[in-house]
Every structure is written in C-alpha cells, then in structure tokens.
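Reader: I am new to reading structures. Could you walk me through a few features?

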Amino acid sequence: MKKLLGHIAHLEITAPDAEKSANFYVERFGMRIVDRRGDRIYLRCWGDYYRYSLVIAPGAEASLATMAWRVDYSEALDELVGRLDERGISGVWRDDLPAVGRAYEFVGPFGHSMTLFWEVEPFTTDPEFASVYPDRPERRAVHGAAPRFLDHVTVASTDVEGFAAWYSEALGFRVMAKTYLDHAPVNVFTVLTTNEKSHDLGIVLDTSGVPGRVHHIAFWTDHPEDLVRTADLMLESSVPIEYGPSIHGIGEQNYLYFREPSGLRVEVNSGGYRNYVPDWEARRWTPSVGSNNFFKNWNMPDSMMEAFPAASGMTATEDGASPQLEEALTNPWSTTTGTA
C-alpha cells in the first residue's frame, strides 16, 4: 500500500483541571502556551514544526479526545476518507482547528477519535523565541524536561491484533513489532508507524470493555541523558517517577514515565532506531526477551497497567500481563478476551 499518512501532528487530551495540567506542561515540562480558544489550551514544544502539538480541554477525567495526523500529500486526505467510507466509517469535516485547514475527524472501530488533515499554516515564531539554527522552529527551551517535539501515543484496545490489522489496511500504518505472552499466543502489545520511526502509535491489550482509552502520550528529547536530568527535575518538584529511566527492547528507545496532575501518564523518550525497509515484517517479542525493559533489571510497577479514563478490568503493557491477567487470558473458561 502506498504511503498516505505523514506523521503524528497533535493530540487533544482532557483533564479535570485544564489550567493545572497546562501549568505542569509549561513549568515542569518546558512547553509554552500559544493559543486559547474557548476552554481549550494549545501548547507547543520548542521543536514542533506546527503551531501546537498538545491541546488540553476540560473533562471529567483524564482521557484522549483525539489524535491528529497530517497526511503525506494533499490528495491523500480525500483518498483516506474514501477508504474509511468503504469500511462503513463516517466522520465530520472540520474547518475550526487553529492553524489547520480542512480536517476530517472520525471514530475508529475500537472507539478512538482520529483527525486527518493536509493544510497547515507555516509556523513562524515570535522574534524573542527565534533560533540561530535556520532549521529549528524556535530556540531550545531552557527549563523543565524541554522535549523537542511530540513523539507518539499509545492507546488501549480489546483486540490488539485486530486494531493493528485495521489501521494498517485502512490507513496504511506499518506494523513494526508485537509482544506475545511467553506461555500463550496472545498479542498484548503492538507498535505501528507512519514513517521511519519505530512507532508513532502503540496499542496495549485492554479488558475493561470501555472503548477509546489511552495508556500514555510521549514526547521526544535529543539525548538519553535528558531523561536522567528530567527525572532529577521531576523529583525535585515532587513529581514521582513511575518507571525508568531505562531502555525498551522494542524500538530501542530510552524511556521515562511519570504522571501529570490529571493522572495521565506521560513518557519522555530518546534514542531508538530508524527503519526504512519498505517490506518490513513485524518482529515477534515476548516479555522474557525484554520487549519493555531490555536490561531486565527490575519489574515494571503495577500502576503501569492503568489506562485512561479509569475503568474496571485489566490492561496489559509492552512488558506483557500481570499474573492475574495472564491467567485470565489463558484460561479457556474465562470471559476475558485475547487475540492470537
């Protein structure tokens, strides 16, 4: 299938206290607010090539409102809408997004909202933020985690294999790697990409039955050492570290996880490989090989199995499943589902 999507462009999340979350991304993270439209707050990293990469809207709980991708060329937008229509997915055309032209928003078969667009206003920063590097959108942030740009989003789904297949066939995502349980052919984690990154979309297995949940959002830093610095800054600001710093086996990225005030999980990552192979076949991993923590030197905390909004049921991760969830997935009499 020809390439139709270019890259992830922005995420819209919800938070019970949007101002408190926005202050966290500004003061602790190093992003800056560039717009306010109604009750929505628009923020950017210093290296984002478009005006914003994160939108925060008020909501009862932390959640993912939509994930937005820019298509690869102008005609691809209508082609993708046609492919969605063929599969019985209908959405709405929007022309109200700041700095973005005609956009199409729809809900995929597993309950996640996605927005596609081509037209975008060229970003020009204010003189006070200008960089001496002609290729940089603006100068490097000097406080907080200072991530360069938005990197990926990982969502939760009741059918990891089916999710990956649908997004690959309908939208052209490349399936890059899969994690199966060590003792059963159950796919608990898969990564997809629209370009040469190891992934810009991840999927973890979710047994809650609540559609459209999100596991974490992630931002990129230039150097793995930035993760250690970020961990130091977060701890000094009384923000607990949830997991890391360490290195993933899948993707080979260095990672660090913590929570923003709404409870939503945020990852900062760096490193990793680039893959330009057009006929790449997804690699198969298991937790014992080190799909999540390649060093295999400590166990992932149970809190990493939470997704948002909160719901009953269990969620896997790229590190596999808890003993309780694995028992349910491999028990033929269980009502918990897993797809091989």
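Author: Let's start with a pair: Glu 79 and Lys 2 form a salt bridge, with their closest N and O atoms 3.2 Å apart. A salt bridge is a side-chain nitrogen of Lys or Arg within 4 Å of a carboxyl oxygen of Asp or Glu. Glu 79 lies in helix α2 (residues 74-86) and Lys 2 in the segment before β1 (5-15), so the pair ties together parts 77 residues apart in sequence. Please keep in mind that this is a predicted model: local features need pLDDT of at least 70, side-chain atom pairs count only at pLDDT 80 or more, and totals for chains, interfaces and linings use all residues. Residues are numbered from 1 along each chain as its sequence is written, and side-chain values use heavy atoms, leaving out hydrogens and water.

Reader: How many salt bridges does the structure hold?

Author: There are 20. In another one, the side chains of Arg 32 and Glu 138 meet at 2.9 Å, N to O.

Reader: Are Arg 32 and Glu 138 buried or exposed?

Author: Buried means under 20% relative accessible area, exposed over 50%, and partly exposed in between (1.4 Å probe, protein chains only). Both Arg 32 and Glu 138 are buried, whereas Lys 2 is partly exposed at 48%.

Reader: Which residues of α4 are buried?

Author: Helices are DSSP runs (H or I, at least four residues), as are strands (E, at least two), numbered from the N terminus. In α4, the buried residues are Asp 226, Leu 227, Thr 230, Ala 231 and Met 234. On the other side of α4, Glu 225, Val 228, Leu 235 and Glu 236 are exposed.
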